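Have a go at each one before reading its worked solution.

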Amino acid sequence: MMQAALWLVAVLLALAPAGIALSMQKRGSAMLYGACLIVTTALVGIALLNLLDPAHPILSATLPVGLPWLGAHFRIDPLAAFFLVVVNFGGAAASLFALGYGRHEDSPARVLPFYPAYLAAMNIVVLSDDAFSFLVAWEFMSLTSWALVVSHHRKAENVRAGYIYLLMASFGTLALLLAFGVLAGGSGAYDFAAIRAAHPSANVASAVLLLVLIGAGSKAGLVPLHAWLPLAHPAAPSHVSGLMSGVMTKVAVYGFVRIVFDLLGPPEWWWSMVVLGVGGPSATLGVLYALMQRDAKRVLAYSTIENIGIIFVGLGLALAFKAEAMGWVAALAFTAALLHVFNHAIFKSLLFFGAGSVLNATGERDMEKLGGLIHRMPRTALAMLVGCVAISALPPFNGFVSEWLTFQAILLSPQLPSWGLKLIIPAVGGLLALAAALAAACFVKLFGVSFLSRARTPLAAEAREADRFSLAAMFVLAALCLIVGIFPGLFIDALAPAAKAMVGNSMPHQASLEWLTIVPIAESRSSYNGLLVFTFVLLSGSIASVAIHRLASDRLRRAPAWDCGYPDPNPAIQYTADSFSQPIRRVFGTVIFAAREIGEMPPPGSAHPARLTVSVHDLVWEVLYAPIGKVIAFTTEHINILQFLTIRRYLTLVFVALVLLLVVVAI
Amino acid sequence: MHGLEFDVAHTLAGSLVLASFMLLYQDRLYALLNVYALHAFVLALSVAWQAFVQHAPHLYVTAAIALLFKAIIIPVALHRIIVRLGIHREIETALSVGLTMIGGIGLVALSMVVMLRVTPGADALAREDLAFALSVVLLGLLIMVTRRNAVSQVVGFMSLENGLVLAATGAKGMPLVVEISVAFSVLIAFIVIGIFLFRIRERFDSVDIAALDRFRGERR
Amino acid sequence: MTFDALTALLLIPAVAAAILALLPDYRLTAALNVLAALLTLATAMSLFVVEPASGQYLLVDDLNKVFIVLTTFVGFTTSIFSASYISHEIEIGRLTPTFVRFYHAMYQTLMFAMNLALVANNIGLMWVAVEVATLTTVLMVGIYRTHEALEAAWKYFILGSVGIALALFGTILVYMAARPVIGEGTDAMVWSVLVARAAQFDPALLDVAFVFLLLGYGTKVGLAPLHAWLPDAHAEGPTPISAVLSGLLLNVALYALLRFKMIMAANAGAIAPGPLMVAMGLISVIFAALMLYRRRDIKRMFAYSSIEHMGIIVFAFGMGGALANFAGLLHMIMHSLTKSAIFFAVGHVAQVKGTQKIADIGGLTVTNPVLGWGLVLGVVAIVGLPPLGIFMSEFLIVSSTFARQPWLTAILVLGILIALGGLFSRLNVVVFGEPKGETKPAEASYVPMFAHLALVLAAGIYLPPLLVAGFSNVAKLLG
Amino acid sequence: MTLLRDLVSQGAQMLLVLLLAPLFTGYVRKLKAQLLRRQGPPLLQPYRDLGRLMRKDVVLAESASWLFRVIPYIIFAGTWVAASLVPTFGSGLLFSWSADLIAIIALLGSARFFLALAGMDAGTAFGGIGSSREVMIASLAEPAILITVFAVAMIAGSTQLSTIAEFMGSSAVGLRVSLGLALVALIIVAIAENGRIPVDNPATHLELTMVHEAMVLEYSGRHLALIDLSSHLKLLLYVSLIACMFMPWGAAEPHAGNLALAAGAIAYIGKLMACGILLAVFETSIAKMRVFRIPEFLGAALMLALLATLLRFVSGSL
């Protein structure tokens, strides 16, 4: 089984050079994506076999590559199996989507070779069981995705996005490298088994936690390390954007979980405060950023930050309860986090695919140039709608279930002894609730502005429905959103072994409960039954419609919109994306984004139009990143003089160095 | 080894340091060249003395080279170059002579300190010689970095190299000494020729840096 | 001295140099150059099969075996590259056949000198060899005889000479330290003897000696602040020479330094050379990394990156410890392979575009995809991204030293990151965006470049046990 | 047998809320009118309106999509299910465990989500205004109510409405500051959510002030009827929510006898009437506030709710 998995990954790697050749010919992209689809599906199968069979032994293997005296260790435990499912399911969906979408790629030679390598890299990260191969795969993942980000390199902003992305990624990798340096010590015991065995002292472990939070966090896009994400994810081709947002950020989460929950031994109580303190704000800020955007793909990228925040809140809670040895609650929080990992992978891929189809159909990412697409591309619209409802955490879809579980974990936090947590957790809960509500607003805006209302540009008016592969991919994901939403018990049970392995406990078995209800702790405490709610809504809705159409009228006339008596054929009068988010901008933005609105009214009698200029600042960028750039620029500018000294001055340098060293020796 | 030999060697090495100081002090090219000739001559003497003391005849060759090549040919050649290139007589020093002298004294002190840490077990001559040689080397470097004039920088380099030869000959029974001195003479010849060929008038770095920036597109 | 592989190693280049100096036709000489390099490589390979006895003047051990093979290999590939490069230079008339003849002779002389430096067992001999290598490269750097080339060569010459002097003084001091123990005569300069008996040497003398050796050979290694000659020499000389300089000569100088570090390590009383090396290494890394950002000349930029990597290596050896030393050796090899590959690419780029100015080169991956992606791969390798070899060495260096010296390692990591930023900020201009400048296809042999990169890639994934075993032994000796 | 009874009582509950909702709205309107010394519409007027709308044709905007026609049913279904899950006359009904308080709020959230979409669908200016203001209000109201729920749930140790109701009914509660704060917060949210004065005025079509009305501007006929009905339901839901959480007296225990159920029903009616009076008085005694004052209003609710939760955290006794 292990061998099979490794062989499949090897196939993916082998597809990379094949991609160069395939990119030359016409059917090349279809062939490559088809191959990727098959391989990833097979990998999903393997992973599922490992995950669903509780009695399944933990697979491991060692290849004589990598560090000579170490070799490359690979291992599939339940956690790895779960993330393998996420990675490869996302990969399969993306490949399926790309079967259609990839046809429209104008420079396939810049995508095809890197795509399978990227998939392979993400797989190896999850599979690897020693620090070296883990980091190799981790950075290789960044590298390949960087290549994909700059695939449309003629746009300067894409190259810039790629540049920032690569810098941040390497920064994260180096942080992880230091973390492993601490864990493995100078001795070079790099395999995870050895690290697990050697229990680091509290201080060391804490240092590792911070380093990992930086390393994995920068990849996952936690605020304030998120700066690269909204630039890089949209720049890539849409199926890759889906992978980066939906899957790669999850691989980052995996890295965090693997090191902090698995390798690091028992947690300190205050770790959870750090994690929560990062996760909560990320959730709220991420979605607020998203609300300020006009670029559909950028909205999605920012909302990824939000969901990563939610996941880390879940993980933080798990840490807190684990530290207090409240295993079953820890299991609840942990399961919630993992379930959200899975859910977000699904609907974020779905949404990016939708945005990609729109991009294909209209050539536009700017929502304010879209509109009315539901008439032109109804199927895409339906799939997108499902995605939007799901990601807004609304029942009966999957997003709600994981957030509901997280809330349940938060409600148990009064039992924690530490005061700091007592105070921070409700606040985080509030942030989470805020994030959920804002997410709904954000996706009403996304869907309403680009799919509903009237077409704002001819491009949008002439849009054509996406091809069948893309639609297939989207509908598979949409269906899954619903299925997870109404049968959450099955998926929660699937996560049990992973939770058991990481927090030493697992949630009670759900699938056996009557009516497929999920009951995290006790029925008297809380329970939710997606299936019943869904059937109720379905039934009462259809009953109502049937009854009304039978008993009352079912006649319908078309007429111009009423609009309170001021109908206007010009689509420009509709609410735009910016005007839609204006109230929220005024409520939250003035502080968080230093958002300002300057309205210039023309003097009475003048024919000039009134102008409204809105300025929104990314304070994180301006406070954190811009100064770094300035410092570098300043230093390089001034140190550069050393290129232009005279030989005598250079000799002086040598002389001074000599004298200094002699002095050092003399004393 | 008994007193007299030691004292003589010591005196010669010391006077070499003294010569270096004189070099440091000079601010006229011709005078500088003459002092250098003296410097080389002292070196020749001390090498010869070493040869005599160590009963190492091959060292006489080194001494001869020092005498002929460094004390006579090179100064003359440089003299003619100065005339040919019409370099003005003044040496503009980057550091005022007074400061340079103080720095020089500091360097000598430093080299003493460094070398006196050496266990007296190694015979005294070597130890003293090394101390002096080190000071000569450092002083040579000091000359190179405080003079703006190509010729005087070459002189500085040559005095530095004299220090090396002093050390090498002081190192009893060290092989390859002659070869090394020859090699260095060749090197110096190269430098001198270089100055002559490339018309490096003022300094090593006479070439206008700004022009180079333009050529290289390395403009700031 | 019996005739064995060692002598062959020295004789072949020497003889070839003599012949090449006489032959007029440049195509023939280029071919002969390649042939000679190939023969040398073959002899070097044979060292692994039969290890010739080490004598008073020459020796072969785990340390230099690998470096000999590396040197001869890069020498061989570079000679191939240089053949196509030189022919182009003659076509556009930058070089006359006379100079090419001289060039090839010098090339072989350089090979001879570097081999000698590597196999020398006598520290005096080693010194001579390094200096000969330096002087030949000085002549080759100035070969274009343009204003800048001469200036660069001159700078190299003067700073080099000072370096020579300092290194010699250090060597003399080592002899002085050894003499009371070993006695007068040649033995006191034989490295293997020195290492064996180093324990009894006078520590104080060794300290001073090491300072001079560090600065003397450090000048050749190009450590800041002794680096000044390096960027210009790389930028103004012919590209094959830039490749050899970065790929080999720096290594050879560093190798000499390592030999002396081993002596130091063997003496308990002497100051640990580590801190000095660590300090210089860090200075070089940070300095070079910062210098990358303002570069306009692509060759000079990669010259600075060489300084940075030398800094990393010296840091590793300064830190010491089996892992770090192993990583340092690995890094030396990986760097010379990668950097020479990069210079091959850059050489072709400069010939295609007719300029070395970064600003005038653009969209390379569009106009010359193979060349462009080759360059990208090279840079990816040199900044230490996986799965290429330099990642492995940097991984080992950082992870093995961080536990001991967190802050120093953090500085190193910072330097690596800055360097990555600098290199990519310039690379983006060169390879991406709208094409700029000439778009003619390069008539070039990509074999050397991709051979090197393939090796680096392979090493990043799998290291041959032979090399591992040898390096592990040396790593222990390096203390 | 018990299952049958449970099914019946659950069904009764569903029908009850459905039938009671318009009546309650009419009752509040009537009260308000009376307070203003007006005759006011008859109590049953809402039923008449609904019936008339049902029978009218639907006039659909040309730019409206299929989604526009589906949304009313979704909204109605969502709200109805939510409303019927809130215990009215008796707690612990058959399906009460199929969704806890959080889920009920989320259901209302879905309804609002689609309503906002409907506002944008026709592509009119007013629809946009309505939707964007609605989501702004919701983005503050939802967290407020969720945190209120946290506070209550942490005290009652459950998010299950039945359990909460039982707990509140029991003497274990006593008088708690945090509960008081939570109640105030909940009332504020309820006002905002139902678009009552001072947040919104259900009776106006004055463009610049309307929120809810602006969203449903394009609806007509049966669609409008459904939407009105669901807003009636929503109002009833919130009232009965407050009733069951903060005045749980008299509600029938799970599996109680018919008599208890009847008693519970009567008690429930009584609570409704009381709340109606309070609501009417409040609405008539205060003026509609500017749209951008609303965030402060709701922000207050948010703060109160958070304070309640924190108090609960800091000491279990308060």
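**Exercise 1.** Work out how far apart the closest C-alpha atoms of chain C and chain D lie, and find which chains share the most contacts.

*Solution.* Start with the cut-off: two residues are in contact when their C-beta atoms, placed from the backbone, lie within 7 Å. No contact joins chains C and D, and their closest C-alpha atoms are 40 Å apart. Of the four pairs of chains in contact, A and D share the most contacts.

A word on the ground rules: this is a predicted model, where local features need pLDDT of at least 70, side-chain atom pairs count only at pLDDT 80 or more, and totals for chains, interfaces and linings use all residues. Residues are numbered from 1 along each chain as its sequence is written, while chains are lettered from A and ligands numbered from 1 in the order in which they are written.

**Exercise 2.** Find how far apart the C-alpha centres of domain 1 and domain 2 of chain A lie.

*Solution.* First get the bounds, which come from an automatic or database domain assignment: domain 1 of chain A is 313-545 and domain 2 is 628-666. Then take the C-alpha centres of these two domains of chain A: they lie 57 Å apart.

**Exercise 3.** Describe the overall dimensions and burial of chain A.

*Solution.* Along the principal axes, the C-alpha atoms of chain A fill a box of roughly 100 × 70 × 60 Å. Now count burial (20 or more other C-beta atoms, placed from the backbone, within 10 Å of a residue's own): buried residues make up 61% of the 667 in chain A. Finally, look at contacts in chain A between residues at least 6 apart in sequence: 79% of them join residues at least 24 apart.

Notes. A residue is buried if 20 or more other C-beta atoms lie within 10 Å of its own, exposed if 12 or fewer, and partly exposed in between; C-beta atoms are placed from the backbone.
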